[in-house]
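I opened a new model today and kept notes as I went. Here is what I looked up, entry by entry.

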Amino acid sequence: MTQYLDFEKPLAEIEGKAEELRAMARANEEMDVAEEAAALDAKAASLLEDLYKDLTPWRKCQVARHPERPHCKDYIDALFTDYTPLAGDRNFADDHAVMGGLARFDGQPVVVIGHEKGTDTKSRIERNFGMARPEGYRKAIRLMEMAGRFGLPVITLVDTPGAYPGKGAEERGQSEAIARSTEMCLKIGVPLVSVIIGEGGSGGAVAFATANRVAMLEHSVYSVISPEGCASILWKDAEKMREAAEALRLTAQDLHKLGVADRVIVEPKGGAHRDRVAAVTSVGHMIEAMLGELKDMDGDALVADRRKKFLDMGSKGLAA
Amino acid sequence: MNWITNYVRPRINSIFSRREVPENLWHKCDECGSMLFHRELADNLNVCTECDHHMAITPRARFKGLFDGGIFAEIDVPEPTADPLHFRDQKKYPDRMRSAQKSTGEKEAMLVATGEIGRTPIVAAAQDFSFMGGSMGMYVGNAIIAAAEKAVELKRPLVLFSAAGGARMQEGILSLMQMPRTTVAVQMLKEAGLPYIVVLTHPTTGGVTASYAMLGDVHISEPNALICFAGPRVIEQTIREKLPEGFQRAEYLLDHGMLDRVTKRTEMREELITITRMLMNQPPAVKGDLPAPEPEVEEETTAKTTVDEAAKE
Ligand SMILES: [Zn+2]
């Protein structure tokens, strides 16, 4: 049973009606509802297409945060083999908001790292809703450094509302951990590719997404601040998140124009959560393609490529 | 080297850019409430002479107190595309820029300069909190990259004074991209074997702290500066409890291992001289206020004449 977003209400009504009809038909064999139900299905399908054809930036944020959207764990389970999670920052703790370890991608040994938000109340709490603490970044730093030494490509999957704003996180150097993680991304002499699969929240996202290639799912977002946060600062009203989302240019399409996202991955009709298998498969193909583009570059060339990419970034604004 | 650009112009600038401040102006310390004589406060680098409270100081005033003889040469920063996102909240971004430029008399939120401190040649960059909260956008990123490139070119240490509320929201994702961009700048310094000293001043928060401000060889802060990633208000709202006294202040960070030192602004110059000279393997400096460095010999006569003439006008 799909969880509908607020703007999908008309769709929920039609799909609800079709479902009701079919339930009635199951209870009463003499009723023939096939035609009527099929008409409703067609109406729903065309409405779904309309709704998702031109999502506003705020609606994209809602889709990017959809609880049924495939998460990091889904991608790792489906696209990688021999996944062997490696835990801990060797300093303080293991951060469950960050998954990471050794794995094989198409047989090739790699390091995969990503934010995991969790899927139910229990796992969401355990994963801290995908908000990493310093230990998460330090685990990532450790894994990236190791990948660099063993010549393993690194794949990062970004899906976080942002770094965790907590007391302990600050005391243990949230800022420093993020800065060092970004620094490590820039330093390693192996291919580093990143996919924004849901929310790319501020510094917590940059710390993993400073990559040779960055792809974004069609309805994912990537921003310096959440629309709600931006609205409460610049509009002095958190309810102005629609305006803020618009102004921030946080959609995959705008980020592609700005040169921040190298690729946009098309999502199944109605968003990744409506066809998880198709979404995960598309991401797999994109990772394969991006790694392919980098496979002939040596370590120095990969580092130089990353540096140049970020130094040149933004020089043309939206005209890029 | 063009002596007019490198020596005479900054000197003339420093002669003419002084803002006229009436001699009898008083300033009230927001910490202890003392009424302070404006000139005395300026001479003490905006540190309250009664309670040691460190008030904001502009990059220009800071550089004047930092460099020998108050002389420095500004480095040109490549101009980024203005208003890259065509951003508008309740105001248009270009309007916000114009009013910040008008109220500060500066072009943007960071000043980069070369000069000498205790006869030690350095490159310095300072962020201007009075300019849109010192926020980090494309210009600040370009300034830090220009500072690092200049330091590498001249083989000098880079001393960076940070002060910012964070990234500049009006530049959206491009402000966030200054985190990796400035990190590349820091890497250039490290690869060239040059010291990178960060002086964190009040306040240094958000994406600025989570990039170039936390990647120094040495981290020094001014007393009581707020230094954090997430601000105290956001944290209190998240964890729903009151934060301890002094949380995220310089002394607290020193205790938690994030800083090397907390140093008063009035002692900062001497400390920076001592540290940079040791890291650059130079003999100890001659202490005290030093006059401006002499221009290169063959240009001496002309340069002096020009400066004298400029001073007369
Ligand atoms: Zn005072």
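**Entry 1: buried or exposed**

Before anything else I needed a rule: a residue is buried if 20 or more other C-beta atoms lie within 10 Å of its own, exposed if 12 or fewer, and partly exposed in between. I also noted that this is a predicted model.

I found His86(B) in the loop between strand 3 and helix 4 (93-104) of chain B.

Asn128(A) is no glycine, yet has a positive phi of about 55°. It sits in the loop between helix 5 (121-126) and helix 6 (134-150) of chain A. Is Asn128(A) buried or exposed? I counted 23 other C-beta atoms within 10 Å, so Asn128(A) is buried.

**Entry 2: chain B overall**

I went through chain B and got eleven helices and ten strands. Of its 313 residues, 45% count as buried. I also looked at contacts in chain B between residues at least 6 apart in sequence, and 69% of these join residues at least 24 apart.

One peptide bond made me stop: the one joining His202(B) and Pro203(B) is cis, with omega about -20°. Pro203(B) belongs to strand 7 (residues 196-205) of chain B.

**Entry 3: strand 4 of chain B**

How many residues of strand 4 (residues 110-117) of chain B are buried? I got eight of eight, so the strand is mostly covered. Looking at one face, I saw Met110(B), Val112(B), Thr114(B) and Glu116(B), and on the other Leu111(B), Ala113(B), Gly115(B) and Ile117(B), all buried.

Next I looked for its partners. Strand 3 (residues 73-74) of chain B pairs with strand 4 in the antiparallel sense over two bridges, and Glu74(B) stands opposite Ala113(B). Strand 5 (residues 120-127) of chain B is also antiparallel to strand 4, over eight bridges; there, Val112(B) faces Ala125(B). Strands 4 and 5 make a hairpin with two residues between them, and Gly118(B) in the turn has a positive phi of about 55°.

**Entry 4: the core**

I already had Ala125(B) in my notes, and here it is again: it is among the residues with the most contacts inside the largest nonpolar core, which has 164 residues. Met144(A) and Met216(A) are on that list as well. Helix 5 of chain B gives this core its largest share, nine residues.

I then followed Met216(A). Leaving out residues up to four places away in sequence, I found that it touches Ile196(A), Tyr222(A), Ala252(A), Leu255(A), Ala261(A), Val264(A) and Ile265(A).

**Entry 5: where the chains meet**

I found 40 residues of chain B in contact with 43 residues of chain A. On the chain B side, helix 7 gives the largest share, six residues. By class, that side has 25 nonpolar, twelve polar and three charged residues.

**Entry 6: two helices in chain A**

Last, I looked at helix 10 (residues 227-235) and helix 11 (residues 241-248) of chain A, which pack at about 100° with their axes 8 Å apart. They are therefore roughly perpendicular to each other. Among the residues that meet are Leu234(A) and Trp235(A) in helix 10, and Met241(A) and Leu248(A) in helix 11. By class, I noted nine nonpolar, no polar and two charged residues in this contact.

Notes
Residues numbered from 1 in each chain as written. Chains lettered and ligands numbered in written order. Predicted model: local features only at pLDDT ≥ 70, side-chain atom pairs only at ≥ 80, totals over all residues. Axes fitted to C-alpha atoms, helices over the stretch in contact; angles between N-to-C directions. Helix = DSSP H or I, 4+ residues; strand = E, 2+ residues; numbered from the N terminus. Parallel < 35°, antiparallel > 145°, perpendicular 65-115°, else oblique. Contact = placed C-beta atoms within 7 Å. Nonpolar A, V, L, I, M, F, W, Y, C, P; charged D, E, K, R; others polar. Core = buried A, V, L, I, M, F, W, Y, C linked by C-beta atoms within 7 Å. Pairing = 2+ DSSP bridges.
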